[in-house]
Amino acid sequence: MGVRHTITDSPVGPLTLVADGAALIGLYFDGHSRTPRIPLGPSDSSGFSGAITQLREYFAGARTTFDLELAPRGSAFELAVWDQLVKIPHGETRTYGQLALALGDPAGAQAVGNANGWNPISIIVPCHRVVGSGGRLTGYAGGLSRKRFLLSLEEPPAEDLGRLF
């Protein structure tokens, strides 16, 4: 089947999905600040229905994890960072420093930030869940407004105060 792509609509604008065979290798925003390092291949919507369905469920609040075959392409360090990203639970965030520490390099926050920025599978490999020290929002390849949207989408529902009384 080879490398191919399709475009789907979403609440954060058009998303370009890229696959190689059955594996998803890219998910990019319209106006993505980092140019994909991989060729997108021809436009061909075959084989993307599972990813599109799961993305729709995520945006509807009905899905908190993804169950897709992923094959991101990057350096060994980038792959290690992206592996840490998928371990961040829905509704939670981590700092670049926390990820660097988890990778065994407490001084590696900047390198983690760079690898995070090159994440080729946005949303599904949740780079939007990484924030700066003190929880401040920092750069995002899809733009900070999209990052805010995704984080707010994942916020746990406010507790029903009526149950407490």
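Predicted model: local features only at pLDDT ≥ 70, side-chain atom pairs only at ≥ 80, totals over all residues.
Residues are numbered from 1 along each chain as its sequence is written, and side-chain values use heavy atoms, with hydrogens and water left out.

Back to that pair, then. Strand E2, residues 15-20, runs antiparallel to E3, and the two pair over six bridges; strands count as paired if DSSP finds at least two bridges between them. The hairpin they make has two residues between the strands, and Gly21 there takes a positive phi near 65°.

So is E3, residues 23-29, mostly covered or mostly open? Mostly covered: seven of its seven residues are buried. By buried I mean under 20% relative accessible area, with exposed over 50% and partly exposed in between, using a 1.4 Å probe and protein chains only.

Now the whole chain. You've got five helices and five strands, and from the N terminus they go β-β-β-α-α-β-α-α-β-α. The radius of gyration is 16 Å, close to the 15 Å from the globule rule for 165 residues, so the chain is as compact as a globular protein of that length. That radius is taken over C-alpha atoms, and the rule is 2.2 Å times the number of residues to the power 0.38. Along its principal axes, the C-alpha trace spans about 55 × 40 × 25 Å.

Of the 165 residues, 41% count as buried. Looking at contacts (heavy atoms within 4.5 Å), among those between residues at least 6 apart in sequence, 60% join residues at least 24 apart.

Next, helix H5, residues 144-153. Which of its residues are buried? Arg146, Lys147, Leu150 and Leu151. Down the axis of H5 these fall within an arc of 130°, so they line one face of the helix; the arc is that of the directions from the helix axis to the C-beta atoms. As a reminder, an α-helix has 3.6 residues a turn, so residues three or four places apart point the same way. The cover over the buried residues of H5 includes our strand E3, along with H1, helix H3 (96-102) and strand E5 (130-131).

Last topic, charges. How many salt bridges does the structure hold? Six, where a salt bridge is a side-chain nitrogen of Lys or Arg within 4 Å of a carboxyl oxygen of Asp or Glu.

Another one joins Glu57 to Arg63, with the closest N and O atoms 2.8 Å apart; Glu57 is partly exposed at 27%. Then there's Arg94 with Glu92, where the closest N and O are 3.0 Å apart. Arg94 is partly exposed at 25%, and so is Glu92, at 35%.

That's it from me, happy to take questions.

Methods:
Helix = DSSP H or I, 4+ residues; strand = E, 2+ residues; numbered from the N terminus.
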